[in-house]
Amino acid sequence: MAPPNSGVHHISNPCIYERKSRFMKWLGKLFKSGSNRGGARGGVGGRAHPQILGEENVVWSAPARSVDDRSRTGKERGDAIALAMAEDWKQPSGCSRGTNDQDLARSLQDTLNSSSFPSYGTTQYCHRNLRLCSGCQRDIGYGNYLGCMGKFFHPECFCCRSCGYPITETEFSLSGNDPYHKSCFKELTHPKCEVCHQFIPTNAAGLIEYRCHPFWSQKYCPSHEHDNTARCCSCERLESRDARYYSLEDGRSLCLECMESAIMDTGDCQPLYHAIRDYYEGMNMKLDQQIPMLLVQRQALNEAIFGEKNGYHHMPETRGLCLSEEQTVASIQKRPRIGGHRLVGMRTEPRKLTRKCEVTAILVLYGLPRLLTGAILAHELMHGWLRLKGYRNLNPEVEEGICQVLSYMWLESELPGSKGMPSTSTSAASSSSSSSSSKKGEKSQVEKKLGDFFMHQIAHDATPAYGEGFRSANAAVSKYGLRRTLDHIRLTGNFPL
């Protein structure tokens, strides 16, 4: 038998060769036409050009075979069929089998039709060392792919973590292992001004510089501190471009939340004033004198400050005053009405204050929320109590510090469970506050938040008299109690250590 890779023309039996001559001519034509069709599919010259995919890899398609370089598999299969037929013809003549050329041709044609030949010249599937797409977790076959962060992706699977769309730009942002469009990443991380709602610009050094309120965490451009942007006179927040503040007649601004519980005239403030006097009485600190209380505009309060000889005033703006001198003060008798975003129609009445005791009157700025107005009243009433009880010539840190403690304690009684400094309230104060709080009903979340802010202001004041004075007084009251602290102040003029 001839070697497997030799042609059928080398088969040794001359009879078989003679009987097969016409058949093999037809078979040669068949192979030739098949190989021509395969070569046509291979493109020009039977070669495929490389495709450069991404920046990391160059992947070549499988080389196409030319017409002359036929598939060895196809030739070997044809040889095997011919040799098998030759072996059959060598068998004894008693064996029964068909010897007609047409039958042989038909049998071979069926065999060829049922066989699968490789398609030459097409792009072959490339395993690429079994690389998996980190996006869809499927094998990366042929076609473009991306290499990034030690991982591989189909181009359509390399998506922004924020918007979910594919990243097609040449540059992108990375946070941890998560890719982002640069615009999406800026939207997520670059702070926006809560006043103008624009991205906060960088300064001359290329750094993002902004201001942030220590309590409200309101972020805003530094320029808004000098461009006449309105600031609430109560909570200190700047006016946003999508929210209008109310303008008071004395030039101050009031936000919508503070406006909800604002006290506008002297008559509205009387119930609160008497409630705070009852609070003092509940702590065995009854005020024997009936001290007048007036709500005034900013101008009237500032004029009263200049006429006052005693006292330390919290600048740049004082919101309350305990008068000891005789003066004539314009008191607000009729609350203003709302006209657009302005409060108009206020009616004031001059009132002459005569000195009947150490305290002439208590003045409070109008238009502030109830809790802030009450905190100011509690502070000023403590000034009055000290003067009526004979506490003389106290330094500002001691007097203002203990007055701030009473203001803080009253706010605590109005906001049970508030998150502030350690409670300074005595048992008597707690019982008094529980009875007064039960009369007022539940406060809204907005009012509770404002109350927390006013307590935060007291606790974190940076001035020596109001801030350091409060913290020293609060430490003494927490350690020794309010009564023992006050007795020590009377004797020494200072807080107990």
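**Charged side chains and their partners**

The model is a predicted one, in which local features need pLDDT of at least 70 and side-chain atom pairs count only at pLDDT 80 or more, whereas totals for chains, interfaces and linings use all residues. Residues are numbered from 1 along each chain as its sequence is written, and side-chain values use heavy atoms, with hydrogens and water left out.

With which residues does the side chain of Arg 211 meet in a salt bridge? One partner is Glu 209, at an N to O distance of 3.4 Å, and Glu 209 is itself partly exposed at 33%. A salt bridge here requires a side-chain nitrogen of Lys or Arg within 4 Å of a carboxyl oxygen of Asp or Glu. Glu 225 is also a partner of Arg 211, with 3.6 Å from N to O. This second pair links distant parts of the chain, for Arg 211 belongs to strand E7 (residues 211–212) and Glu 225 to the loop between strand E8 (219–220) and strand E9 (246–247), 14 residues apart. Strands (E, at least two residues) and helices (H or I, at least four) are DSSP runs, numbered from the N terminus. Glu 225 counts as partly exposed, at 35% relative accessibility.

A further salt bridge joins the side chains of Glu 414 and Arg 370, with 3.2 Å between N and O. Here, too, distant parts of the chain are linked: Glu 414 lies in helix H9 (residues 396–414) and Arg 370 in helix H8 (residues 370–388), 44 residues apart. Glu 414 is buried, with a relative accessible area of 5%, and Arg 370 is buried as well, at 18%. As for Glu 209, Arg 211 and Glu 225, salt bridges that share partners join them into one network. By the rule stated above, the count comes to 13 salt bridges.

E12 runs parallel to strand E18 (residues 361–365), to which it is joined by four bridges; two strands are taken to pair if DSSP finds at least two bridges between them. Within this pairing, Met 293 stands opposite Ile 362 in E18.

In which sense do E13 and E18 pair, parallel or antiparallel? They pair in the antiparallel sense, over four bridges, and Leu 323 stands opposite Ala 361 in E18. Along E13 (residues 320–323), Gly 320 and Cys 322 point one way while Leu 321 and Leu 323 point the other way, and all are buried.

**Cysteines**

A disulfide is a covalent bond between the sulfur atoms of two cysteines. The structure holds zero disulfides, the criterion being a pair of cysteine sulfur atoms within 2.5 Å. Cys 136 is partly exposed, at 30% relative accessibility. The sulfur of Cys 255 has its closest cysteine sulfur in Cys 258, at 3.5 Å, which is likewise too far for a bond; Cys 255 is buried, at 4%.

**Surface and overall figures**

Met 149, Phe 172 and Leu 174 make a nonpolar surface patch of about 220 Å². Patches comprise residues with over 30% relative accessible area and no salt bridge, in which like charges are joined within 9 Å and nonpolar side chains (Val, Leu, Ile, Met, Phe, Trp, Tyr) within 5 Å. Leu 174 is found in strand E5 (residues 173–175) and is partly exposed, at 41%.

For the protein as a whole, the accessible surface comes to about 27,800 Å², of which 50% belongs to carbon and sulfur atoms; areas come from the Shrake-Rupley method with a 1.4 Å probe, and for residues only the protein chains shown count as cover. The protein has 13 helices and 19 strands, and 43% of its 497 residues count as buried.

How values were computed. Buried means under 20% relative accessible area, exposed over 50%, partly exposed in between (1.4 Å probe, protein chains only).
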